[in-house]
Amino acid sequence: MNIKAPRGTQDILPGDSEKWQYVERTLGDLCRRYNYKEIRTPVFEHTELFQRGVGETTDIVQKEMYTFEDKGGRSITLRPEGTASVVRSFVENKVHGSPNQPTKLYYFGPMFRYERPQQGRTRQFVQFGIEALGSADPAIDAEVLALAMNAYQELGLQSLTLVINSLGDQESRDNHRNALINHFDPYRDELCEDCQHRLDQNPLRVLDCKKDRNHPAMESAPSILEHLNEESQHYFAQVQTYLDDMGIDYVIDPNLVRGLDYYNHTAFEIMSNAEGFGAITTLNGGGRYNGLVEEVGGPETPGIGFALSIERLLMALEAEGVALPVDDELDCYFVTMGSKADEAAVRLIYELRKAGIQVDKDYLGRKVKAQFKSADRLKAKQVIMLGDDELQAGNVNVKNMTSGDQQEMKLDELVPYLKHELAGGE
Ligand code: HAM
């Protein structure tokens, strides 16, 4: 039998999992500073949530969802993204009733999309995302963008471009929609089948088409920025003023269209400019989604957020040659000489571990020389040596593997000695 992991999934093994932990810790710490709290939602939801939330006309809903019927005959979907679930939970748990508004949340978790796998695009990927619900202040748009940029900065990424756009409010989008239909209608027959549908259902999606990307009508398509009403223009200008105040660079791209239907006003993506990053350069995407909470059955509540995948983040770090400060050393390794000492080591390392010390030993009956080799391979900082004779006398030897210094001591001095040494000898 030769069973492999399903296409578009990957295992994260030791050596890499430490990088994941480091990134997740750093992002979690950052959220604490910005006062975003963690939320955990199920990995599957009722299919209808994504149909309504993400939007019927999106590629995600039309082509990419892992949908199945459960044994009770319900249509269930593995979540393709986190926003709809967070909003569902916000409504269901009546979080909007709390006096602490806006509600500022973050999440980590696997998402599932049936896409064509390639570098940076998998069928299961882990998103880190944030959502701020309950405020329509452009300052919170700026805060969300600041947190995103701050996250990359904190991890050491430099070659980034923040691209922003405004999709405006409903009135602006309706005006733009009509302008798009008028613009593309004469070319209807030249567009792909999907775009012909899109033109009727959601003409904005035409701008996002990979097949018709090079059609001459794309270049000259009317821009949303030309159709923003005064209020939407003012909102977008305020977001930019805050970004300018914080010294956060950005580029405005009137053609930036997001792949999900719930956006309005501020929309953004963060791209990697690192050489060798590959064809897909979007590290992060997000925007404002006023109206989504009502769509999911809650009271009128504005919202904004973003998500990034840890996979693409790690790819960007690698492309920029950033080495994460992950600790792959072992504090102590126990080397035993003789069967009595080897048996006693089981209890002794238990005591050390309970005292908070990281320690390991040999479990393959290796000879002393091979045990030292293991200690080297595991990058042990201290080697604790115990022979049958020392055990009898209640003594133990500890060797500092960096300096080579060796110290004999009573067994009951071992914990304080190791703690002192591992704290840097202070
Ligand atoms: P999205 O643009 O669909 O937005 O995904 C956000 C990020 O998830 C992308 O920029 C990318 O880093 C990562 N990503 C998406 N698909 C894949 C894939 N197949 N493989 C690897 N990484 C992937 C959302 O999901 C929205 N929920 C973001 C949001 C939150 N908007 C408001 N709040």
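**Entry 1: the ligand**

Which of the 28 residues around the ligand come nearest? I looked that up before anything else. The nearest ones are E81, E115, E131, R258 and Y263. A note to myself before going on: this is a predicted model.

The side chain of T83 has an N or O atom 2.8 Å from a ligand nitrogen. Y262 brings in a polar side-chain atom, 2.9 Å from a nitrogen atom of the ligand.

How much of the ligand does the protein bury? Taken alone, the ligand exposes 660 Å², and 96% of that is buried by the protein. I then asked which elements give two or more residues to the shell, and got β6 (124-133), β10 (282-288) and β11 (303-309). The biggest giver is β10, with six residues in the shell.

I also sorted the shell by residue class. Ten of its residues are nonpolar, eleven are polar and seven are charged.

**Entry 2: salt bridges**

Opposite charges were next on my list. Side chains of opposite charge can pair when their charged atoms come close. How many salt bridges does the count come to? I got 25 salt bridges, and I picked out a few to look at by hand.

K63 and D59 are one of the pairs, with their side chains at 3.7 Å, N to O. That is a salt bridge because the N to O distance falls within 4 Å. The two residues sit four apart in helix α3 (residues 59-64), so about one helical turn separates K63 from D59.

D194 and R198 make another pair, at 3.9 Å from N to O. Both lie in helix α7 (residues 193-201), four residues apart, which is about one turn of the helix. Are D194 and R198 buried or partly exposed? D194 is partly exposed, with a relative accessible area of 25%, whereas R198 is buried at 10%. The cut-off for buried is under 20%, so R198 falls on that side of it. I then followed the shared partners: salt bridges join D59, K63, D194 and R198 into one network.

R188 and D185 I looked up as well. Their side chains meet in a salt bridge at 2.9 Å, N to O. R188 counts as partly exposed at 23% relative accessibility, and D185 is partly exposed at 36%.

**Entry 3: R52**

Where is R52? I found R52 in helix α2 (residues 47-53). At 41% relative accessibility, R52 is partly exposed. I was curious about what its side chain reaches: the backbone oxygen of E295, at 2.9 Å. I also took a C-alpha distance from R52 to D261, and it came out at 9.4 Å, with the two residues 209 apart along the chain.

**Entry 4: H96**

H96 is in a loop, the one between α4 (83-92) and β5 (103-112). Its relative accessible area is 27%, so H96 counts as partly exposed. How far apart are the C-alpha atoms of H96 and L133? They are separated by 8.3 Å, while the residues are 37 apart along the chain.

**Entry 5: the whole chain**

I finished with the overall numbers. I counted 15 helices and 16 strands in the chain. Of its 426 residues, 49% count as buried. Taken along the principal axes, the C-alpha atoms fill a box of roughly 95 × 55 × 45 Å.

What radius of gyration does the chain have? I got 28 Å, whereas a compact globule of 426 residues would be near 22 Å.

Notes: Residues numbered from 1 in each chain as written. Predicted model: local features only at pLDDT ≥ 70, side-chain atom pairs only at ≥ 80, totals over all residues. Heavy atoms only, no water. Buried < 20%, exposed > 50% of the residue type's maximum accessible area, 1.4 Å probe, protein only. Near = heavy atom within 4 Å. Polar contact = N/O pair within 3.5 Å; in protein donor to acceptor, adjacent residues only side chain to side chain. Areas by Shrake-Rupley, 256 points an atom, 1.4 Å probe, with all protein chains shown as cover. Nonpolar A, V, L, I, M, F, W, Y, C, P; charged D, E, K, R; others polar. Rg over C-alpha atoms; globule rule 2.2 N^0.38 Å.
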